[in-house]
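Q: I have a model open and would like to learn how to read it. Can we go through it one feature at a time?

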Amino acid sequence: QFMPRGDDFESSLLSFEKLDRASPDLWPEQLPGVAEFAASCKNPICNSPPKWMSDLESEDIEMLKELGSLTTANLMEKVKGLQNLAYQLGLEESREMTRGKFLNILERPKK
């Protein structure tokens with residue numbers, strides 16, 4: 001059995017078939033919107049910030065930068081802290097609602 005060597009072997013593996021990658025049926029986008037996003041990032045003319053950033057204040061942008069610089073472990077710690085805070089706020093709200101109920105604050109006035 002003949003086995004090509006070196007350059008002959010590599011050249012025997014080459015395919016000169018032209019693939020039409022323009023067809024969405026043959027080459028569907030794996031993650032919808034990624035190609036559009038990538039194209040928008042490559043556009044040097046478009047230097048304006050994304051639409052979602054226009055409503056952010058400077059404090060919000062600083063918070064995004066801070067969160068973006070955290071390691072995975074630090075980010076998880078931050079998320080756990082926020083979950084604990086949300087739980088504590090829920091407990092406090094529950095106590096206040098119960099208190100309001102006992103004091104008849106939430107009762108509707110009778111007409």
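Q: Which residue with a positive phi follows helix 4?
A: Asn104 follows helix 4, and its phi is near 60°.

Q: Which residues form a nonpolar patch on the surface?
A: The patch is made up of Met97, Leu103, Ile105 and Leu106, and together they have about 430 Å² of accessible area. One of them, Leu106, lies in the segment after helix 4.

Q: Is Leu106 buried or exposed?
A: The cut-off for exposed is over 50% relative accessible area. Leu106 has 53% relative accessibility, so it counts as exposed.

Q: How many helices and strands does the protein chain have, and how much of the chain is buried?
A: The protein chain has four helices and zero strands, in the order α-α-α-α along the sequence. Of its 111 residues, 2% count as buried. The chain exposes about 11,400 Å², with 58% of that supplied by carbon and sulfur atoms.

Q: Where is confidence lowest and where is it highest?
A: Where pLDDT is low, predicted coordinates should not be read in detail. In this chain the mean is lowest in helix 2 (residues 34–42), at 72, and highest in helix 4, at 94. The chain averages a pLDDT of 80, and 76% of the residues score at least 70.

Notes
Residues numbered from 1 in each chain as written. Predicted model: local features only at pLDDT ≥ 70, side-chain atom pairs only at ≥ 80, totals over all residues. Heavy atoms only, no water. Helix = DSSP H or I, 4+ residues; strand = E, 2+ residues; numbered from the N terminus. Patch = residues over 30% accessible without salt bridge, like charges linked within 9 Å, V, L, I, M, F, W, Y side chains within 5 Å. Areas by Shrake-Rupley, 256 points an atom, 1.4 Å probe, with all protein chains shown as cover. Salt bridge = Lys/Arg side-chain N within 4 Å of Asp/Glu carboxyl O. Buried < 20%, exposed > 50% of the residue type's maximum accessible area, 1.4 Å probe, protein only. pLDDT = per-residue confidence, 0-100.
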